[in-house]
Amino acid sequence: MWIYEKTLEIPVRVSKPDLQMAKFLLTQYGGPDGELSSALRYLNQRYTMPNKRIKALLTDIGTEELGHMEVIATLVYKLVKDATPMQMREAGLGAHYADHDKALFYADANGVPWTAAYIQTKGDPIADLADNIATEEKARATYQWLINLTDDPDVSQVLKYLRGREIVHSQRFREALFMLEEENRASKAQKEDDDL
């Protein structure tokens, strides 16, 4: 189904190590509004979506979110790769280091592990699409707050790119919701005509 290109969606550079920023970025890796939650949500919702174009959209965006996870993981890795255990501890990553060394783990910035409870799927296409719009807007806001927390222009550039993609995803879900509502109106009107 997928073809994997062995390149990141955007080149990832960091100007300097920044363990505190790495800790903050974990929220977009394994937090409730992070990329893992979004990817799994959309790839799951596609099975109950009645419209083939919207099903394809969910597949495309869900797959892109997996790519965003790679970008976040690369940022975190580059920001912590040369850190000592004491530096990890001083940055508030001591518990993470104790359990995982410098390996990434699906958790938010506070170390709360990822849970499937973060994935919202109702099975109602309109409810799911409306929720997806909110999901993308929460991700956009989080990326903005992460941009506000860094003074590294390289990290900021990557985060701005990811924020921009969340805006595009929100717009696509808005269009899909409109399309589905139009189909529902047309179907309802046809049924009323048939009943006459």
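This is a predicted model: local features need pLDDT of at least 70, side-chain atom pairs count only at pLDDT 80 or more; totals for chains, interfaces and linings use all residues.
Me: What volume does the largest pocket have, and which residues are closest to its centre?
Reply: The space in the largest pocket comes to about 330 Å³. Its lining counts eleven residues. By class, those split into five nonpolar, three polar and three charged. Closest to the centre are Ile 3, Tyr 4, Glu 5, Thr 63 and Glu 70.

Me: Which helix gives the largest share of the lining of the second largest pocket?
Reply: This pocket has a volume of about 190 Å³ and a lining of 14 residues, with Ala 95, His 96, Ala 107, Asn 110 and Gly 111 nearest its centre. Helix H1 (19-30) and helix H4 (85-100) each bring at least two lining residues. The largest share is six residues, and the helix supplying them is H4.

Me: How many nonpolar residues are in the lining of the second largest pocket?
Reply: Sorting the lining by class gives three charged and five polar residues. The nonpolar count is six.

Me: How many cavities of 30 Å³ or more turn up, and what is the volume of the largest cavity?
Reply: Searching the whole structure gives one cavity of 30 Å³ or more. The space inside the largest cavity is about 50 Å³.

Me: Which helices each supply at least two residues of the lining of the largest cavity?
Reply: The lining is made up of Ala 22, Lys 23, Leu 26, Val 76, Val 80, Met 88, Leu 93, His 96, Lys 102, Ala 103 and Leu 104. By class that is eight nonpolar, one polar and two charged. The helices giving at least two residues each are H1, helix H3 (52-80) and H4.

Me: How far apart are the end C-alpha atoms of helix H5, and what span should its residues give?
Reply: Helix H5 covers residues 125-149, which is 25 residues.

Me: Which side chain reaches a backbone nitrogen at the start of H5?
Reply: The backbone nitrogen in question belongs to Ile 126. A side-chain oxygen comes to within 3.2 Å of it, and the residue that oxygen belongs to is Asp 124.

Me: How many residues apart are Asp 33 and Lys 138, the partners in a salt bridge?
Reply: Their closest N and O atoms are 3.6 Å apart, and a salt bridge needs them within 4 Å, so the pair counts. Asp 33 sits in the loop between H1 and helix H2 (35-45), while Lys 138 is in helix H5. Asp 33 is partly exposed at 23% relative accessible area, and Lys 138 is partly exposed at 39%. This pair links distant parts of the chain, with a separation of 105 residues.

Me: Where do Glu 137 and Arg 140 sit, and what distance separates their closest N and O atoms?
Reply: Both are in helix H5, and since they are three residues apart, about one helical turn separates them. Glu 137 is partly exposed at 23%, and Arg 140 is partly exposed at 29%. The N to O distance in their salt bridge is 2.7 Å.

Technical notes. Residues are numbered from 1 along each chain as its sequence is written. Side-chain values use heavy atoms; hydrogens and water are left out. On a 1 Å grid over the protein atoms alone, a cavity is a set of points where a 1.4 Å probe fits but cannot get out, and a pocket is an open set with protein on both sides within 12 Å along at least five of seven lines; lining residues have an atom within 4 Å of a point. Grid points are joined across faces, edges and corners, and a volume is the space filled by probe spheres set on the points. Ala, Val, Leu, Ile, Met, Phe, Trp, Tyr, Cys and Pro count as nonpolar, Asp, Glu, Lys and Arg as charged, and the others, Gly among them, as polar. Helices (H or I, at least four residues) and strands (E, at least two) are DSSP runs, numbered from the N terminus. The expected span of a helix is 1.5 Å times one less than its number of residues. A polar contact is a pair of N or O atoms within 3.5 Å; within protein, one must be able to donate a hydrogen and the other to accept it, and residues adjacent in sequence count only if both atoms are side-chain atoms. A salt bridge is a side-chain nitrogen of Lys or Arg within 4 Å of a carboxyl oxygen of Asp or Glu. Buried means under 20% relative accessible area, exposed over 50%, partly exposed in between (1.4 Å probe, protein chains only).
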